[in-house]
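Q: I have a model open and want to talk it through. Can you walk me around it?
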Amino acid sequence: MKKLLLATAAAAMLALIVPHGAKAQSAVTGGKAVDMVLLPKFLGILPFDQAHQGAEEAAKELANSKKLQYLGPTPENSVAGQIEIVTNAATQGVGAIMISNNSGDQIVPSAKAAKAKGIKVVTWDSPIPSAEGEDVFVAQVDFSETGKIMADMALSILGKDGGKFAILSASPDAANQNAWIDAMKNALKDPKYSKLELQGIVYGNDQSETSYNQALAMVDKFPGMKLIMAPTSVGIVSAAKAMQDEKLCDKIKISGLGVPSEMLAYTKNGCAPQFALWSFVDLGYLSYYTAYALATGAIKAEAGASFKAGRMGNYAITKDPTRKAGLRILMGPFSLYDINNVEAAAK
Amino acid sequence: MKWLQRHIRPEQVRELSLLLLIVAAVLIFGSMIDGYYTSRTFNRITSSVAIITVVAVGQTLVVLTRNIDLAVGSIVGCTAYFTGAQLAAHHGMPPVVAVLIAMALGCVMGAINGALVAYGRVPSIIVTLGSLAIFRGILIDYSGARTVTTDSLPKWLLELPRLNFVTIGDLDIRAMFALAVGIVLLFQIGTSFLNVARQFYAMGSNPDAAELIGMPARRIVFSAFVLSGTLSGLAGFMFLARFGSITVEAARGMELQVVAAVVVGGVNIFGGSGTVFGAMLGAIMIGTLEQSLFRLQISEFWRDAILGLLILLAVASDAVILNRLRAIWARTDLKLVARDSASPAEAKR
């Protein structure tokens, strides 16, 4: 089996693809000139690069004559940098901004200001928690699903008897990280996972050196820890390398969300037997289509609006069940990677 | 006491007290952290100290000449990334060539700084503050915001951090730490006994006098920066081996740790005094603090604040304590000289 699709996620997606009620599919017509900004959490890591690739692919398909601006802050300046870029984009008066939000609700004032100027604000990867200032969130997967997936992976790696584990996250401000960790805590209440014990959460700020050192510190900080769950592509690789360097892979396994090509070696040598991810290329592609459709007036940001996103097919906007307010488009599904399929996915 | 004063210089008193401080720090952390005295703790501290030490040796040479090199973090980051990218593209590249590439790139970057400071007569703090940003900017542009990933690197490189030089009991002395100690020894001996290297001290003690007696002032400063760059390049290679995945952020802020190591290690920020060995002690002190604070899960903000506090304490103690010590030494020296000249026979005895 090349990819283990999760039945639940797939079913949820199917439900969305079916057009809602009497509303017709809106056609997204290409060829219009829209200034668009793609804003990752920060520059310099692979997943955001892949999202950029996907967005460029969509831009080409839609024959947008305005070049896509891929702007991002540096990791240590992520929060302030994101706010600055959104503010600048609003001043320039672009057509749409696509944000992977790393600033929690601190980004709200600048996002609101942009929206007030008629700029479409689409979030992807990581939403604005309060949804203020945001038109719609393109969700890679259902966030409560992420919690279950992480709990499932922990159980399948540790076996029926379970054990102690800890989480290595990115930054304390990352909305998606926090939502996933909360979802996992929720999932753990299920008696099925009663043998799993969460010992604590540590932040590596998505920097290789910090994550590496934090992973080593976790070994001593949490006695009896058998697994590090890192829902971040930087954290998971750094943690795997740290365990490998200290020859601890027999005792402590790594899992979480990672990029197959980066994880290949660690899955093969048993340090990271199983991990998950979705396609960031697709996420960038879908985000671009969504933002373009909104900016050209093909669809409105309201529940029930649906459109055809090129090669990926039909999508609809719904209320976001994982936040109090806010709209979302659900992409999905998750892909689980292990020794059987990681090599094929890494190519 | 007089025997002590004759055979130990004030600077060595300072190094000895730093050694005692390190022991004290280890004892304190040992009582606070369960399972602190393990070979793992030792490994962790020595592995992180190794990289800082190599950079600190170069920084010592620069500081000795009354200059400072703030670009070292960017040089380490650039060489780590560039060497990583080259190794990823050419897997068959022999290890020696990879090390040479890293050192050559560092050397060129150091030479740019050195030329501007020595021949352009621009203050080093301005030059290197500028090149810190410029080198990082070049790296961001060159990398196209991509990461050097562990999977793209050859196997020998990834296994390097685990390579043991020698095992004593439970303690593994890793090859990278052994390399760092080797470099310290080399430069310690060099700066103690080689005429050429003593010129670094002369330049820092009194630049005008050094020039007046015909020392090639510009060339000395220039070569200090070139050496600092080259050693940072070597450290960049070690950084690549240790962390594997290199982003454009690699080694950002390392200059703070390195300057702290040098200053805490007793190298006078106004030049002219201090040793490479002291800088290594400073690096060990800082490495011990850093890794131990990690264990206590103290936030990064506080770790940086503690580093800053250490720098301030070190410089302040230099100004107050060391100057007093020197005054005491000078007074006794005068007395000794006076007595020696009064009765040469006694002095011989």
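A: What follows is a quick tour of a predicted model.

Q: Start with chain B. How many helices and strands are there in chain B?
A: Chain B has 15 helices and two strands. Its radius of gyration is 21 Å, close to the 20 Å that the globule rule gives for 349 residues, so chain B is as compact as a globular protein of that length.

Q: What box do its C-alpha atoms fill?
A: Roughly 75 × 55 × 35 Å, along the principal axes.

Q: And what share of chain B is buried?
A: Buried residues are 47% of the 349 in chain B. On contacts in chain B with a separation of 6 or more, 79% join residues 24 or more positions apart.

Q: Over to chain A. What does the domain assignment give?
A: Domain 1 covers 4–141 + 279–332, and domain 2 covers 143–276. Their centres, taken over C-alpha atoms, are separated by 28 Å.

Q: How many residues does each domain put into the contact?
A: Domain 1 of chain A gives 18 residues and domain 2 of chain A gives 17 residues. On the domain 1 side, helix 1 (7–17) and helix 2 are the elements that give two or more residues. That side divides into 10 nonpolar, seven polar and one charged.

Q: Now the chain A to chain B contact. How many residues from each?
A: Chain A supplies 29 residues and chain B supplies 23 residues.

Q: Which helices of chain A supply at least two residues there?
A: Helix 2, helix 7 (208–221), helix 8 (233–245) and helix 9 (260–268). The largest share of the chain A side, 10 residues, comes from helix 7 of chain A.

Q: What is A:Phe48 in contact with, leaving aside neighbours within four places in sequence?
A: A:Pro40 and A:Lys41.

Q: How far is A:Phe48 from A:Tyr70?
A: They are 10.0 Å apart, C-alpha to C-alpha, and 22 residues apart in sequence.

Q: New topic: strand 10 of chain A. Which way do its residues point?
A: Strand 10 runs over residues 253–256. A:Lys253 and A:Ser255 point one way, and A:Ile254 and A:Gly256 point the other way. All are buried.

Q: In what sense do strand 9 and strand 10 of chain A pair?
A: Parallel, over four bridges. Strand 9 of chain A spans residues 225–230. A:Ile228 has A:Ile254 of strand 10 as its bridge partner.

Q: What unit do they make with helix 8 of chain A?
A: Strand 9, helix 8 and strand 10 of chain A make a right-handed β-α-β unit.

Q: Last one, helix 9 of chain A. Which residues are buried?
A: A:Glu262, A:Met263, A:Leu264, A:Ala265, A:Tyr266 and A:Thr267 are buried in helix 9.

Q: What covers the buried residues of helix 9?
A: The cover includes helix 2, helix 8, strand 10, strand 11 (275–277), strand 16 (335–337) and helix 11 (342–346) of chain A.

Q: And what is the phi of A:Gly270?
A: A:Gly270 follows helix 9 of chain A, and its phi is positive, near 90°.

Key. Residues are numbered from 1 along each chain as its sequence is written. Chains are lettered from A and ligands numbered from 1 in the order in which they are written. This is a predicted model: local features need pLDDT of at least 70, side-chain atom pairs count only at pLDDT 80 or more; totals for chains, interfaces and linings use all residues. Two residues are in contact if their C-beta atoms, placed from the backbone, lie within 7 Å. The radius of gyration is taken over C-alpha atoms; the globule rule is 2.2 Å times the number of residues to the power 0.38. A residue is buried if 20 or more other C-beta atoms lie within 10 Å of its own, exposed if 12 or fewer, and partly exposed in between; C-beta atoms are placed from the backbone. Domain bounds come from an automatic or database domain assignment. Ala, Val, Leu, Ile, Met, Phe, Trp, Tyr, Cys and Pro count as nonpolar, Asp, Glu, Lys and Arg as charged, and the others, Gly among them, as polar. Two strands pair if DSSP finds at least two bridges between them. A crossover is right-handed if, with the strands pointing away from the viewer, the path from the first strand over the helix to the second runs clockwise.
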